[in-house]
Amino acid sequence: MDTIDIRGGVELPARREAVELHTADGLTLVGELAVPADRAPVATLVTLHPLPTAGGFMDSHVLRKAANRLPALADLAVLRFNTRGTSSPHGTSEGGFGDGDAEREDVAAAMAFVTKRDLPAPWLVGWSFGTELALKYGLDYDISGAILLSPPLHRATDEEVAGWAGSDVPLIAVIPEFDDFLRPEEARERFASVPHARVIDVAGGKHLWVGENLTRRVLTEIVAAVNPNALPLPIQWTGR
């Protein structure tokens, strides 16, 4: 088998399935589940995308690359979906943008899907707007942890953040040095109410994590939390 560089839009082997999520308020959300091609996943990433009114969707590049790479490289299942009213190349979810409030039902639908499919050890992985949903609603579920990529902390209140202090659920915030909304120093202050929260500074990072080096750094931090035995992530693929 030829060796290929793992970068850009490379899609490694996995079983990929278009799925529908059904909310308690009657909406159908479009999504995709990717799982390892020939073995059971060791954990599950439930991904929550950036702000749809600013172009975010389930195919935003970090989440798409997680689904393209991590089932093969780290034995992870990756669930992606468009929140209500969001369109992407995978399709359009019913409903309209709820400013992070109505999306509580979307998170509930995703977690119900995880339970129905008996997917193991779910971790919420939010990016930007998706971190707000993880912070606001994640503790409603039996999750293994939450990873926050570029959290703006616009919609999640200080009280909602502090609520994580009463749980032993891991909370990991990955903060770009040059973020547009929340930079490392302020992030450490905002998350100080959660003693066990880990704030990881990423030198040179920006809110959108553009560039292969930053993509790899983000995926490495996700795998370090969820399945560290899979590290280091290879940069080439020859199959296995």
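Let's start with helix α3, which spans residues 129–137 and is mostly covered, with 9 of its 9 residues buried. Keep in mind that this is a predicted model.

**Helix α3 and its surroundings**

- The buried residues of α3 are F129, G130, T131, E132, L133, A134, L135, K136 and Y137.
- So what do the buried residues of α3 pack against? The list has strands β4 (43–48), β8 (122–127), β9 (145–149) and β10 (171–176), plus helices α2 (104–116) and α4 (158–162).
- Pick out L135 and you'll find it touching L148, L153, A156, E160, V161, W164, L171 and F191, leaving out residues up to four places away in sequence.

**The nonpolar cores**

- Here's a general idea to carry along: in soluble globular proteins, nonpolar side chains tend to be buried together.
- How many residues does the largest nonpolar core have? It has 40 residues, and those with the most contacts inside it are L33, L79, L124, L135, W164, L171 and F191.
- Several elements give two or more residues to this core: β2 (15–22), β3 (28–35), β4, β5 (76–81), α2, α3, β9 and β10.
- Which element gives the largest share of this core? That would be α2, with 6 residues.
- There's also a second, separate core of 33 residues, and W127, L149, V202 and L219 are among its members.

**W164, a buried loop residue**

- W164 sits in the loop between α4 and β10.
- Is W164 buried or exposed? Its relative accessible area is 0%, so W164 is buried.
- For a sense of distance, W164 and D2 are 162 residues apart in sequence and 47 Å apart in space, going C-alpha to C-alpha.

**How α1 and α6 pack**

- Helix α1 (residues 61–74) packs with helix α6 (residues 212–226) at an angle of about 55°, and their axes are 10 Å apart.
- The two helices, α1 and α6, are therefore oblique to each other.
- As for handedness, α1 makes a right-handed crossing as it passes α6.
- On the α1 side, the residues that meet α6 are H61, V62, K65, A66, R69, L70 and A74. On the α6 side, E212, T215, R216, V218, L219, I222 and V223 meet α1.
- Sort the residues of this contact between α1 and α6 by type and you get 8 nonpolar, 2 polar and 4 charged.
- A handy bit of background here: an α-helix has 3.6 residues a turn, so residues three or four places apart point the same way.

**Backbone spots to look at**

- D75 lies in the loop between α1 and β5. Its phi is near 60°, a positive value in a residue other than glycine.
- D75 has a relative accessible area of 18%, so D75 is buried, the cut-off being under 20%.
- W209 also has a positive phi, near 50°, and again this is a residue other than glycine.
- You can find W209 in the loop between β11 (198–202) and α6, and W209 counts as buried because its relative accessibility is 0%.
- Which peptide bond is cis, with omega near -5°? The one from L231 to P232, and P232 lies in the loop between α6 and β12 (236–237).

**Loop residues with some exposure**

- D180 is in the loop between β10 and α5 (184–190). At 58% relative accessibility, D180 counts as exposed.
- Going C-alpha to C-alpha, D180 and L29 are 29 Å apart in space and 151 residues apart in sequence.
- A102 is in the loop between β7 (91–92) and α2, and its relative accessible area of 29% makes A102 partly exposed.
- A37, in the loop between β3 and β4, counts as partly exposed at 37% relative accessibility.
- Leaving out residues up to four places away in sequence, A37 touches P13, A14 and R15.

How values were computed
Residues numbered from 1 in each chain as written. Predicted model: local features only at pLDDT ≥ 70, side-chain atom pairs only at ≥ 80, totals over all residues. Heavy atoms only, no water. Axes fitted to C-alpha atoms, helices over the stretch in contact; angles between N-to-C directions. Helix = DSSP H or I, 4+ residues; strand = E, 2+ residues; numbered from the N terminus. Parallel < 35°, antiparallel > 145°, perpendicular 65-115°, else oblique. Left-handed = near helix turned anticlockwise from the far one by under 90°. Contact = heavy atoms within 4.5 Å. Nonpolar A, V, L, I, M, F, W, Y, C, P; charged D, E, K, R; others polar. Buried < 20%, exposed > 50% of the residue type's maximum accessible area, 1.4 Å probe, protein only. Core = buried A, V, L, I, M, F, W, Y, C linked by side-chain atoms within 4.5 Å.
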